Amino acid sequence: MSNEDKSSNKVELENADRRKFFGKTALLGAGAVAAPMTAAMFASMAKANASEAGNSAFVHPGDLDEYYGFWSGGHSGEVRILGIPSMRELMRIPVFNTDSATGWGLTDESKRIKGDSAHLLAGDSHHPHMSMTDGRYNGKYVFINDKANSRVARIRCDIMKCDKMITIPNVQAIHGLRVQKVPHTKYVICNGEFEIPMNNDGKSSMRDVDTYRSLFNVIDAETMEIAFQVMVDGNLDNTDADYDGKYFASTCYNSEMGMNLGEMITAERDHVVVFSLARCEAAVKAGKFKTYNGNNVPVLDGRKGSELTRYIPVPKSPHGMNTSPNGKYFVANGKLSPTVSVISIKKLDALFANKIKPRDAIIAEPELGLGPLHTAFDNKGNAYTTLFLDSQIAKWNVEDAIAAHNGKKVNYIRQKLDVHYQPGHNHTSAGETRDADGKWLISLCKFSKDRFLPVGPLRPENDQLIDISGDEMKLVHDGPTYAEPHDCMIVHRSKMKPLKLWPRNDPFFAETIAQAKKDGVDVYTQSKVIRDGKKVRVYMTSVAPNFGLTDFTVKLGDEVTVIVTNLDQVEDVTHGFCLTNHGVQMEIGPQATASITFTADKPGVQWYYCNWFCHALHMEMRGRMFVEA
Ligand code: K7E
Ligand code: CUA
């Protein structure tokens, strides 16, 4: 028996075991189960196989995962980091939400980063994607959209915190988001989904649907400012970039510009919009743009007939857009059509030169099953498409699908695997980069139904781990998740270099330190109270188990800012600052400075304490704020 055979055997046993437990009749690989296994037998077998198998999902206690997975938290508004293949949740990164553990949304630093949307406490994150160099993840940033409030945020991967956030003007609901892959991520691209009047001032044309537009948005990845927007016909859904640095493509559903469900699904065909980056940049340079709503963001006209775009008709209401890692194809996923449309990227030059017709760029339209939403790829020419209605993943071969399109009698479907249940996105290890390695596939299922202990009317989603290293897909893990991962991306750990301590004077809190300097305070050595009219700034250091100040005094009604610097140099020693009865709490990582501002509106003694368990004397790490009436 080869290592791979043993691994497969283990997986079949695991599947069979689980299905039996739930009383299912559909036993996959039932022949592999000769006799009922005891838990101990299974555990020892799993362990033995894990140590021998080439692609085992079993990660022993204390062992580290091979991949980082970045998960969107959907309408929780956050981003999560999971280890793959263990599927252990390693960290949560609050972004569009508010988080009382870290103080995200409460601290002065996070409010500055959130900027004009600091007052918004909610969000709906969908698409986390990492910056790239030459089509490979570079471990620098992860970008994420907020559909609910039309925002895009950036996470710095050295500290794993959100460091930039912008609200996109002239649009509503930022949905699909990806990055420029080649030569590097100069731009983040994203779609404005909901169409609105271009000047949305409530004065005119609000009910005249003909004035509604949807925009494609191009953001500078370093400055996080909008480079330009492109007006299109129809609305936009998902998007992706090529591997040549030339084209972006977005799916469009509702080309009808309908305002209700019935109107939105009348047309038999919608389209994919392809954007020429060079032509768009040239148009911006030449000043061929307009501005709207009183801001100065250049808006290009990329509607039908424009030289900036091409419209490729595809069947009804496409959803996902995915570029194959060999750089040859854009795949648009049919959603209401059982097909996906394969667009040849090589043919786009001819399309933009008007040498071929739009539909000539489509070189395959394989029928896969009901409700294809998103497609992922391995490194062997296979694609994996989620079938929402069928609750399956279809594995198909791209070159065979092209051959079939050309009239050859070949079966391009390799396998269909049941997933549980109703998958949306799926994602393969490094599958949206040149490093696609064909080892793991995640299926992000929208329903878990009977897969877990019931926990009330609200159930978790189910993110399933599938081994795709062999000829057959093997389901190896059920991963319950909180509302609602839409998408994830998987990056090999060799690409990541997260810091263990915060750098002193890090840009994350540079403004806080600049204020301290103005106040004549060195936050790395001093604890001091500065009064500035009705404003009081309280600087204190912290070293386990002590705050630099065991008390400080303010007057009732003062606006108080507490600035804490954690001087501990020990990895993993985080302190907290929590003021009782004031809704004030935050994290201060080792060597970090963090600040939070509140009104001292309660007289008398108000205790503050460290709320991260940091030391045997952590309970004693507290002090008093005296508020004089
Ligand atoms: Cu398909 Cu927002 Cu990418 Cu959800 S989207 S599934
Ligand atoms: Cu510092 Cu607990």
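**Close-up views of a predicted model**

**View 1. A loop residue, N505.** N505 lies in the loop between β30 and α8 (510-518); helices (H or I, at least four residues) and strands (E, at least two) are DSSP runs, numbered from the N terminus. Its phi is positive, about 60 degrees, although N505 is not a glycine. Most residues other than glycine have a negative phi, and most peptide bonds are trans. N505 counts as partly exposed because its relative accessibility is 42% (buried is under 20% relative accessible area, exposed over 50%, partly exposed in between; 1.4 Å probe, protein chains only).

The model is predicted: local features need pLDDT of at least 70, side-chain atom pairs count only at pLDDT 80 or more, and totals for chains, interfaces and linings use all residues. Residues are numbered from 1 along each chain as its sequence is written, chains are lettered from A and ligands numbered from 1 in the order written, and side-chain values use heavy atoms, without hydrogens and water.

View 2. K449 lies in the loop between β27 (440-445) and β28 (461-467). Its phi is near 45 degrees. K449 is partly exposed, at 43% relative accessibility.

**View 3. Cis peptide bonds.** A483 and E484 are joined by a cis bond, omega about -20 degrees. E484 is in the loop between β29 (474-481) and β30 (488-492). The bond from A544 to P545 is also cis, with omega near 0 degrees. P545 is in the loop between β32 (535-543) and β33 (546-547).

**View 4. Surroundings of F577.** Leaving aside neighbours within four places in sequence, F577 is in contact (heavy atoms within 4.5 Å) with residues including M540, F547, Y608 and N611.
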